[in-house]
Amino acid sequence: MFTPDAMRLQARYNLFIVLYPVGVAGELLTIYAALPYVRKSGMFSVRLPNKYNVSFDYYICLIIVMLSYIPCE
């Protein structure tokens, strides 16, 4: 059985505090940078009329995903 030394154990729990917000910020910035292209190209969007009579706007979906990152109580 492997027992991590104190330095690695400390880094495991303390680097999470820094790296998690950095990762979230990276994801949000990537989505934000993609928004103009998605809106212009209509990527992954389904417009009416179509066979199934449904509509889906990927641009709005990305905005909702970004808003879901806001912490709530």
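This is a predicted model: local features need pLDDT of at least 70, side-chain atom pairs count only at pLDDT 80 or more; totals for chains, interfaces and linings use all residues.
Where along the chain does serine 45 sit? Its place is in the loop between α1 and α2. With a relative accessibility of 18%, serine 45 counts as buried, because the cut-off for that word is under 20%. Setting aside its neighbours within four places in sequence, serine 45 is in contact with Phe56, Asp57, Tyr58 and Tyr59.

Now stay with aspartate 57 for a moment. Arginine 47 counts as partly exposed, at 46% relative accessibility. Aspartate 57 is also given as partly exposed, with a value of 26%. If you wonder why such pairs form, side chains of opposite charge can pair when their charged atoms come close.

How many salt bridges are there in the model? The count comes to 2. Aspartate 5 and arginine 8 form a salt bridge too, with their closest N and O atoms 3.4 Å apart. Here aspartate 5 is partly exposed at 39% relative accessibility, and arginine 8 is partly exposed with a relative accessible area of 48%.

Next, look at the rings. The model has 2 aromatic pairs. In one of them, the rings of phenylalanine 16 and tyrosine 20 have centres 5.4 Å apart and planes at 35°, so this pair is tilted. Phenylalanine 16 and tyrosine 20 are both in helix α1, 4 residues apart, which is about one turn of the helix. Tyrosine 20 counts as exposed, at 51% relative accessibility.

Phenylalanine 44 and tyrosine 58 also pair: their ring centres are 5.2 Å apart and their planes stand at 85°, so the pair is edge-to-face. Phenylalanine 44 belongs to the loop between α1 and α2, while tyrosine 58 is in helix α2, so this pair ties together parts that are 14 residues apart in sequence. Which of these two partners is exposed, and which partly exposed? Phenylalanine 44 is exposed at 59% relative accessibility, whereas tyrosine 58 is partly exposed at 23%.

The largest nonpolar core has 6 residues: Ile31, Leu35, Val38, Tyr59, Leu62 and Met66. Two elements each give two or more residues to this core, namely α1 (6–41) and α2 (58–67). Apart from its neighbours within four places in sequence, leucine 35 is in contact with Tyr59, Leu62, Ile63 and Met66.

Finally, let's compare the model with a database record. An unreviewed UniProt entry places the feature "transmembrane region" at residues 12–35 and 55–72. What does the chain look like over those stretches? Residues 12–35 are 100% helix and 0% strand, and the C-alpha atoms at the two ends lie 34 Å apart. Residues 55–72 are 56% helix and 0% strand, with the end C-alpha atoms 29 Å apart.

Key. Residues are numbered from 1 along each chain as its sequence is written. Side-chain values use heavy atoms; hydrogens and water are left out. UniProt positions are given in the numbering used here, feature names are shortened, and annotations may be inferred rather than shown by experiment. A nonpolar core is a set of buried Ala, Val, Leu, Ile, Met, Phe, Trp, Tyr and Cys residues joined through side-chain atoms within 4.5 Å. Buried means under 20% relative accessible area, exposed over 50%, partly exposed in between (1.4 Å probe, protein chains only). Contact means heavy atoms within 4.5 Å. A salt bridge is a side-chain nitrogen of Lys or Arg within 4 Å of a carboxyl oxygen of Asp or Glu. Rings of Phe, Tyr and Trp (its six-membered ring) pair if their centres lie within 6.5 Å; planes under 30 degrees apart count as stacked, over 60 as edge-to-face and the rest as tilted.
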